[in-house]
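User: Could you walk me through some helix packing, salt bridges and backbone details here? I would like the cut-offs along the way.

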Amino acid sequence: MTATAKRLARLAAGMFFPLLLLLQVRDGTHLSSFQQTRSNAKLAGSDSNSNKNDTVANKRHENAITLYCIVPFIWSPQYLSSYHAIKATWGKRCDFLKFFIDPVIGDADIGHYNLSLDSDVRAAGEKNNANLTVPDDVIVLHDMHRPWHTCGGESNCRNIWEKLWRSILWIGTNGEGSIADYYVKVDSDTYLFPENMRHYVQERNWSSSDAHYFGHKLYHTDRTKQAPIVSGVAVFLSGGAIRKLGTLFSQFKPNNTTELVYGCGDAYIGGEELITAICLKYELSVDAEHTLDSDGNELISIGPIDETLLWRRAQGSRMKMVWYWKKKPDLNEKGEEMHLCCGELPIAFHGYKDPRWMYKIDHEIYSEEFGSGGTGDWKQLQYKNANTTLTYLHRVRTAMKELE
């Protein structure tokens, strides 16, 4: 083992999250099926981009910040209500929205079908089942080789890391690494505020050509010489960072083992936070940046907003939330408590496995845009701590109106 690998192994020891199955070895081999299906495509950063990419840009002011939303997903009937909820709510405020899925679709009732196999594609078509129809905004990652449907409920079944790096590679290989200023990997149970993200970036006068990696930074993992991580709730990357990652990921060598080796590469692992941070820090020299408002309060809630509004340091031990507060500064320059949830221009709320919450939050903020439909009756949903939550959401609505 190299000195770098030994150092990373020592640093990763004792991590709170079990994000540890990482591969160090890489080579210069490009992944085959991307070349087979897109033989004429170039990596992001090339001069040739599709004319289709001009559509959104023409709709927006020439100085507007564009956002490409990446949603790792599983195309199975039990999750499709989340797909429709995202498209009907916050997804329509992204400049680009794409769902990236494993090649295996379906479930135990209608059957599982591998869209990388012609025979399965034909069989799925013969079913004439709408749940087996994959829309144009859903990208099938044909090279994923870790099935989600046969591993008996192990935490690694999600394979989010493999799905994320292959998604970014797809974006680069298919000429979409230069069509937006910023990119975000967002969980399917996260509610996103694209317009507030644009305001946040604009206030900082960042250049999207520079490499930026930002979101809710988790300080409990931030040890000496260890890569700080951003919560996978919503991981933002500038165009400059996404292009560098695309080039880096094109060099990955597929790893078919579960060997405990720490580093930047393909790996059998459920979450993506640690390995993303290691690749950015140790391969590209890019550190995590924390999304906070001017008072030092959080802009990304890693739990449902009606819960995180009440999170306090004094409750940390009782709520088993010590890890959340660890190493977060106590006070801002004004002597006020900081890292509270949340600022009045939030960027994301997380924890909505029931997609009806997407419609409810959308209604609270954008009622004039809200239409009928959705999964079930979202109006019946009740916030915990309703007065506190509704008061906060009213402040959010007011602050966002002032930006218009």
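This is a predicted model: local features need pLDDT of at least 70, side-chain atom pairs count only at pLDDT 80 or more; totals for chains, interfaces and linings use all residues.

User: Hello! Is lysine 281 buried, partly exposed or exposed, and what is its relative accessible area?

Analyst: Residues are numbered from 1 along each chain as its sequence is written, and side-chain values use heavy atoms, with hydrogens and water left out. Buried means under 20% relative accessible area, exposed means over 50%, and partly exposed lies in between (1.4 Å probe, protein chains only). Lysine 281 is partly exposed, with a relative accessible area of 27%.

User: Which residue forms a salt bridge with lysine 281?

Analyst: A salt bridge here is a side-chain nitrogen of Lys or Arg within 4 Å of a carboxyl oxygen of Asp or Glu. The closest N and O atoms of the pair are 3.0 Å apart.

User: How many salt bridges does the count come to?

Analyst: Some of them join into a network, which links Lys185, Asp187 and Glu272. By the 4 Å rule, the count comes to 15 salt bridges.

User: How many residues apart in sequence are the parts that arginine 198 and aspartate 95 tie together?

Analyst: Arginine 198 forms a salt bridge with aspartate 95, their closest N and O atoms being 2.9 Å apart. Both arginine 198 and aspartate 95 are buried. Helices (H or I, at least four residues) and strands (E, at least two) are DSSP runs numbered from the N terminus. Arginine 198 lies in helix H7 (residues 194–204) and aspartate 95 in the loop between H4 and strand S2 (96–101), so the parts tied together are 103 residues apart in sequence.

User: Which helix holds both glutamate 364 and lysine 360?

Analyst: These two form a salt bridge, with the closest N and O atoms 3.9 Å apart. Glutamate 364 counts as buried at 18% relative accessibility, and lysine 360 counts as buried at 8%. They are four residues apart, about one turn of the helix, and both lie in helix H12.

User: At what angle do H4 and H12 pack?

Analyst: Axes are lines fitted to C-alpha atoms, for helices over the stretch in contact, and angles run from 0 to 180 degrees between N-to-C directions. Angles under 35 degrees count as roughly parallel, over 145 as roughly antiparallel, 65 to 115 as roughly perpendicular and the rest as oblique. H4 and H12 are therefore roughly parallel to each other. With their axes 8 Å apart, H4 (residues 80–88) and H12 (residues 356–366) pack at an angle of about 15°.

User: Which residues in H12 are met by His84, Ala85, Ile86 and Ala88 in H4?

Analyst: Contact means heavy atoms within 4.5 Å. By that rule, the four residues in H4 meet Met358, Tyr359 and Asp362.

User: What is the phi of asparagine 128?

Analyst: Asparagine 128 lies in the loop between helix H5 (118–127) and strand S5 (138–140). This asparagine is exposed, with a relative accessible area of 73%. Although asparagine 128 is not a glycine, its phi is positive, at about 50°.
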